[in-house]
Protein chains: 2
Amino acid sequence: MTKDSKSNLSEKEGVSQPETTSKSSANKIKLSRRKQAPTSTFIEKILAGDITFLSRAITLIESTNPKHQEKANEILNACIPYANKSIRIGITGVPGVGKSTFIEAFGKHLTGLGKKVAVLAVDPSSSINRGSILGDKTRMEQLVTDKNAFIRPSPSGTSLGGVAQKTKESILLCEAAGFDTIIVETVGVGQSETAVHAMVDFFLLLKLSGAGDELQGIKRGIIEMADSIVINKADGDNVKNAKIAKVEFNRALHLYPPKDNGWQPKVMVASALHNSGIDDIYKMISNYIQTTTESGYFQKRRNDQNKHWLFSTINDQLKNRFYNDPVIKDLLEREIKNLEAGKTTPFNAANNLLNSTNKS
Amino acid sequence: MTKDSKSNLSEKEGVSQPETTSKSSANKIKLSRRKQAPTSTFIEKILAGDITFLSRAITLIESTNPKHQEKANEILNACIPYANKSIRIGITGVPGVGKSTFIEAFGKHLTGLGKKVAVLAVDPSSSINRGSILGDKTRMEQLVTDKNAFIRPSPSGTSLGGVAQKTKESILLCEAAGFDTIIVETVGVGQSETAVHAMVDFFLLLKLSGAGDELQGIKRGIIEMADSIVINKADGDNVKNAKIAKVEFNRALHLYPPKDNGWQPKVMVASALHNSGIDDIYKMISNYIQTTTESGYFQKRRNDQNKHWLFSTINDQLKNRFYNDPVIKDLLEREIKNLEAGKTTPFNAANNLLNSTNKS
C-alpha cells in the first residue's frame, strides 16, 4: 500500500463487473449485422421470387436509417425494369365488413387459378408495432401458408404520404418478385382511400347490407372512386337484404356521371365466408382489365398515376421546406393573428411570407 | 445641294407628316391621366359609398399594371377595417337555369328591404372584353338602375386563382363601401364553384326541373357544397315537375352526411319570373346566418376561408416559382419520359428535380 492510498479520497480497487452481453451473443449480433447480404444478392434473389429477400427489402424501404434507404433505392432501381407487370386491386371497407375474410377467399381463388398474389396494406394509423390491419396474419390463416401468396402489414408512419410512398415502392418490388396480382387493403382512415385509389388499377368498395339506408354514412367521394361495390356477408338471413341493397346501390351509382373510361361501376353480392360470388368478382375485374387494356386506358391511367405521385411528392416537399423554415413559422403565426383580427387580407399576408424567404 | 446628296443612297427630304393625334386630344389625354385622384380621395369616396370610385378602385385591382396594383393595395389596406360586415351569398347554376332573372328578382327583393346589394361574378372563361356573364348588364335591367345595387362583371384572367383573388378583394371594397349583401355568381366552369364556395357564407345551387332524372349531370361535389338547392322556373306547367324534383333532391341530399355545422341543406322552389318563392329563400338564408352566427360557426368559417386563401396563395406561388424555373422545365420533361418508359419511380424523379434546385 502506498501513502496516497490511505487518503480518504483514494478509491478502493473495484471488483470487475460482469459484461452486460455475453461474448458469444455479441459475436452473434456482429456476425448477423455483417451478414446483411450485398445489394446484388438482394436483387438476384428478389428477381428469382425469393420471399425472404423480398420481405427484407421492404423492411429496408420502410427503414428511416439513411443507409438502409440508400440500399433500398439501389435495389428498387434495379428492380424497376421488371416491375409494372401486374394487376393492382385496391380494397376498402369499414371495420367489420369482413375485409380479411374477403381477401383470404379472393386470394385463395386467385392462387387456385395459378396466380401469385401479394397483399399489402395502407393504414396511416398503424403504429410502430405494425398495427391495426394485417398485423395479425392469423386473420388470413389459409392465405398466409399459401406459397403463392405474400402478405405484408401496413408500414408504420405518421404521414399518409410517407406510408403511401413506401407501399407504392413495395408494390414495385412485389411485381419484380413475380407477383402478378397485388391487393392493397385500406381501412379508410383520413385520405387513405384516395392514396390507395391513386396506386391501383381497380378500386373495390366492400359494404354490408343492413336494414335499408344503405348509403348513409358512406364517406364523401368514395362512391366516385369505386369501380365496384361488393356487398359482403350475403349469406343466411342476409341474402334478401343484400339483394335490396344491390338495387339501392345501383340506383345511387346511376346518379353519378359515367367515369372517363366509360366504365359503369358494378354492384356485386358475395359471401366470402361461403366462398360465393368470388369467382364472378374476379371475372368482372378481368373483364375491366381486358377492356381498359384494349382501349389504352389501363396504361394511360398508370402514367397519370405516376405523374400524380411525381407532382404530389414535389409539391409536398416544396411545402415542407417552406413551412418548416423557422422564420416562416414565426411570421405565419403573426399573420394568422392579423387575419383573424381583420387587419390584413390573405393575399397581403401571403406576399409578406413569400417575400421573407426571398430575403433569407 | 451637296455632292453627297447626289448619291443613289441619299434620301430625299421628306414632307412633314400630319400628327397622328391632334394636340388638343393629346392634351386632354395627358390631363385625364394626370387627373387620377389621389389614393386618399379613393378611400374617402369609397367609405362614403361612392359607386364611381368603388368601380374605379376595382378596375385598379383588376389591372396588371404594377403601379395600379400598388395603388389598389393601398386602397384595399385602408378599407379592410371597414370590410367583412356583410352576408356573402354564392349562386351557381348551368346556363339557361335563369341565374340573371333570379339574381334580379332576389336583388330587388333585398333592396326593397333596405339592403344594399353588390353583385360580382367569377368566370375564369371570361375574356378581356368582359365576357360571358354579367357582361351584358341589360340582363338585369331593373337592378342595374337601382341606386342600392352595384353590378360588376367577372374580372378577366386566364387562371381561376387570379380571377378569384380579384373577386375576393372586390368583395372587401364593396363591403367598405357599405354593401351589406354580396352576391357572387358563377357559371361553374372548371373549379370556379369551389373557388366561390370558399369566399361566401352561403352557397346556393339553382336547378331546373325536367322530366325526372334530376340528379343526372350534376357536377361532382356540387351537392356537397350547396347549402340550398333552388328549383327555378317553377311556373305554369312546370309547377308539378318542380315539386317532384324537390322530393328527389331532398332524397338525394339525405344520402350525404350532415354538414359540420349541423345544417341540413334545404330544397326550395321558386319562379324568379313571377317573383314567387323569393321571400322564402331570403328568410331561409337569414335563418342560416342567424343560427350560424349564434353558434360561432359563421366567424369560424370566415376565419377558415381566410386561412384557406392564405395557404392556397402561398402554395400556388411556391409551385409557380419551382415549375417556371427553366432548369426544372427541362429536367421535368426528361423525368416524365423516363417515368413513361418505366425507367424510374415517381419518387426518384421527384428527388432528382428537388435536388437540382438546391444546387442552383
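How many helices and strands make up the secondary structure of chain A? In this predicted model, chain A comprises 14 helices and seven strands. The following legends describe close-up views.

Figure 1. The secondary structure of chain A amounts to 14 helices and seven strands. Of its 360 residues, 48% count as buried. When contacts in chain A between residues at least 6 apart in sequence are considered, 74% join residues at least 24 apart.

**Figure 2. Strand partners of β1(A).** Strand β4 of chain A (residues 181–186) pairs with β1(A) in the parallel sense over six bridges. Within this pairing, E185(A) of β4(A) stands opposite I91(A). Strand β5 of chain A (residues 202–208) also pairs with β1(A) in the parallel sense, over four bridges. Here F202(A) of β5(A) is the residue opposite I89(A).

**Figure 3. Helix α4 of chain B, its length and its two sides.** Helix α4(B) covers residues 66–79; at 1.5 Å a residue, these 14 residues should span 20 Å, and the end C-alpha atoms are 20 Å apart, which agrees. The buried residues of the helix are K71(B), A72(B), I75(B), L76(B) and C79(B). Seen down the axis of α4(B), they fall within an arc of 140°, so they line one face of the helix. An α-helix has 3.6 residues a turn, so residues three or four places apart point the same way. The face turned away from the buried side carries the exposed residues P66(B), K67(B) and E70(B).

**Figure 4. Surroundings and start of helix α4(B).** The cover over the buried residues of α4(B) includes α2 (39–47), α3 (51–62) and α7 (160–176) of chain B. At the start of the helix, a side-chain oxygen of N65(B) reaches to within 2.8 Å of the backbone nitrogen of K67(B).

**Figure 5. Two buried cysteines, one in each of chains A and B.** C174(A) has a relative accessible area of 0% and is therefore buried, the cut-off being under 20%. C79(B), one of the buried residues of α4(B), has a relative accessible area of 1%. Over all chains, the structure holds zero disulfides.

**Figure 6. D146 of chain B and its contact partners.** D146(B) is found in the loop between α6 (141–144) and β3 (149–151) of chain B. At 11% relative accessibility, D146(B) counts as buried, because this value is under 20%. Its side chain makes a polar contact of 2.8 Å with the side chain of T111(B). Apart from neighbours within four places in sequence, D146(B) is in contact with K108(B) and T111(B).

**Figure 7. I278 of chain B in helix α11.** I278(B) lies in helix α11(B), which comprises residues 278–295. The residue is buried, with a relative accessible area of 1%. Although I278(B) and F106(B) are 172 residues apart along the chain, their C-alpha atoms are separated by 6.1 Å. Leaving aside neighbours within four places in sequence, the contacts of I278(B) are F102(B), A105(B), F106(B), H109(B) and A272(B).

Definitions and conventions: Residues are numbered from 1 along each chain as its sequence is written. Chains are lettered from A and ligands numbered from 1 in the order in which they are written. This is a predicted model: local features need pLDDT of at least 70, side-chain atom pairs count only at pLDDT 80 or more; totals for chains, interfaces and linings use all residues. Side-chain values use heavy atoms; hydrogens and water are left out. The expected span of a helix is 1.5 Å times one less than its number of residues. Buried means under 20% relative accessible area, exposed over 50%, partly exposed in between (1.4 Å probe, protein chains only). The arc is that of the directions from the helix axis to the C-beta atoms. Contact means heavy atoms within 4.5 Å. A polar contact is a pair of N or O atoms within 3.5 Å; within protein, one must be able to donate a hydrogen and the other to accept it, and residues adjacent in sequence count only if both atoms are side-chain atoms. A disulfide is a pair of cysteine sulfur atoms within 2.5 Å. Two strands pair if DSSP finds at least two bridges between them.
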